[in-house]
Amino acid sequence: MKQKQRSSLRPVFVDSVPDTKLMDADALYVSMTYATAIHMCACGCGNETVTPLAPDEWRLIYDGETISLAPSIGNQRLECGSHYWIRRNRIVWVPDEKRRWIASLKQAMRKAIRRLLRSRTPPLYRADRDGRVRLRRGLGI
Ligand SMILES: [Zn+2]
């Protein structure tokens, strides 16, 4: 079910995370019991976005009125590819330019890794018959 893109979310503190079918698309559910926040993707694609709260996952800031989550929410695994921050209840979209830059960076890294895996560069050193290790000749260095 396609819904409209959100510009803000309303924090709702719950004991346990509600069933997807019962989730309000405008709500950011926070369960301290399960150290988890969950909301429907802000693009309106209808996918739920689970953000576990942990030192190496997401951090939640509640100022008594609004909620911020860090780092950004990246739904790159979903088809929609949404990427945004939640700051003081507001959805702040990562600019397209930045998304393109990140995408091109990832592509360049994949290319470099493939090239590295394909390369048949001989080892720089070889062991002599007497067991001494020498720099291989013909490397131009
Ligand atoms: Zn989405």
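Biologist: Which residue in β8 does W85 stand opposite?

Modeller: W85 stands opposite V92 in β8. Keep in mind that this is a predicted model. The strands here are β7, residues 83-87, and β8, residues 90-93. They run antiparallel, and four bridges join them. Together β7 and β8 form a hairpin, with two residues between them. R88 sits in that turn and has a positive phi of about 45°.

The largest nonpolar core has 15 residues. I86 is among those with the most contacts inside it, along with L28, Y29, V30, A37, I67 and L69. Strands β2 (27-31), β3, β6 (67-74) and β7 each supply at least two residues of this core.

L69 links several of these places. Leaving out residues up to four places away in sequence, L69 touches I86, A37, T51, W58 and L60. Strand β3, residues 36-40, pairs with β4 in the antiparallel sense, over five bridges.

That pair belongs to an open sheet of four strands. The order is β1-β2-β3-β4, and the pairing is mixed. At the edges are β1 (10-14) and β4 (48-52), each pairing on one side only. From one strand to the next, the twist averages 20°.

Notes
Residues are numbered from 1 along each chain as its sequence is written. This is a predicted model: local features need pLDDT of at least 70, side-chain atom pairs count only at pLDDT 80 or more; totals for chains, interfaces and linings use all residues. Two strands pair if DSSP finds at least two bridges between them. Axes are lines fitted to C-alpha atoms, for helices over the stretch in contact, and angles run from 0 to 180 degrees between N-to-C directions. A nonpolar core is a set of buried Ala, Val, Leu, Ile, Met, Phe, Trp, Tyr and Cys residues joined through C-beta atoms within 7 Å. A residue is buried if 20 or more other C-beta atoms lie within 10 Å of its own, exposed if 12 or fewer, and partly exposed in between; C-beta atoms are placed from the backbone. Two residues are in contact if their C-beta atoms, placed from the backbone, lie within 7 Å.
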